[in-house]
Amino acid sequence: MKIILCGHGYYGNALKESAEMIAGSQPQLTAIDFTPELAVKDLVMKMQEVILENEHEEIIILTDIPGGSPANAATLCKKLYPTIHVVTGCSLVLLLSLLLTKDISEACQDGQQAMQEIRLEEMK
């Protein structure tokens with residue numbers, strides 16, 4: 001399995017570094033950063049490079065914001081390579097769950113369940 005992490009700014013690299021801080025080296029992770037000088041077409045080209053280099057593996061692209069440029073680039077890649085998986089709204093919880101379970105549905109569910117507001121009255 002090859003996982004591409006892409007988000008605004010340096011989100012992809014930060015997510016990769018955080019995951020590796022917790023779970024050790026993760027060679028299956030590739031970060032693609034979306035910096036101000038890049039356009040969606042640049043992201044598509046970078047994603048395609050990774051996809052083509054790993055064409056015999058399951059490919060998952062995780063992006064930050066649904067409807068954002070990284071997600072749009074991933075969607076364009078999905079149209080070109082229908083067998084890849086694209087998940088938006090990526091969090092560290094989702095990524096770690098995916099690394100441990102290797103199941104996209106379960107990882108998405110874990111990511112959703114982890115979101116909660118901390119309330120002081122519940123801490124007593």
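Keep in mind as you click around that the model is predicted.

**Stop 1: helix α1**

Select residues 11-23, which form helix α1. This helix has 13 residues, and from its first C-alpha to its last it reaches 18 Å, close to the 18 Å expected at 1.5 Å a residue.

Now colour Gly12, Leu15, Lys16 and Ala19, the buried residues of α1. Turn the view until you look down the helix axis: these buried residues fall within an arc of 100°, so they line one face of the helix. There is a simple idea behind such a pattern. An α-helix has 3.6 residues a turn, so residues three or four places apart point the same way.

Which exposed residues sit on the face of α1 turned away from its buried side? Select Glu17 and Met21 to see them.

What covers the buried residues of α1? Show strands β1 (2-8) and β2 (29-34) together with helix α4, which are included in that cover.

**Stop 2: Thr63**

Next, select Thr63 in strand β3, which spans residues 59-63. Is Thr63 buried or exposed? Its relative accessibility is 0%, so Thr63 counts as buried. Leaving aside residues up to four places away in sequence, Thr63 touches Cys6, Pro70, Ala71, Ala74, Val87, Thr88, Gly89 and Cys90.

**Stop 3: Ala107**

Move on to Ala107, in helix α5. Ala107 counts as buried because its relative accessibility is 1%. Beyond residues up to four places away in sequence, Ala107 touches Leu94, Ser97 and Leu98. Try the distance tool between the C-alpha atoms of Ala107 and Val87: they are 20 residues apart along the chain and separated by 10 Å.

**Stop 4: the largest pocket**

Rolling a probe the size of a water molecule over the atoms shows where empty space is left. Here, the largest pocket has a volume of about 160 Å³.

Finally, colour the lining by class: five residues are nonpolar, five are polar and none are charged.

Key: Residues are numbered from 1 along each chain as its sequence is written. This is a predicted model: local features need pLDDT of at least 70, side-chain atom pairs count only at pLDDT 80 or more; totals for chains, interfaces and linings use all residues. Side-chain values use heavy atoms; hydrogens and water are left out. On a 1 Å grid over the protein atoms alone, a cavity is a set of points where a 1.4 Å probe fits but cannot get out, and a pocket is an open set with protein on both sides within 12 Å along at least five of seven lines; lining residues have an atom within 4 Å of a point. Grid points are joined across faces, edges and corners, and a volume is the space filled by probe spheres set on the points. Ala, Val, Leu, Ile, Met, Phe, Trp, Tyr, Cys and Pro count as nonpolar, Asp, Glu, Lys and Arg as charged, and the others, Gly among them, as polar. Helices (H or I, at least four residues) and strands (E, at least two) are DSSP runs, numbered from the N terminus. The expected span of a helix is 1.5 Å times one less than its number of residues. Buried means under 20% relative accessible area, exposed over 50%, partly exposed in between (1.4 Å probe, protein chains only). The arc is that of the directions from the helix axis to the C-beta atoms. Contact means heavy atoms within 4.5 Å.
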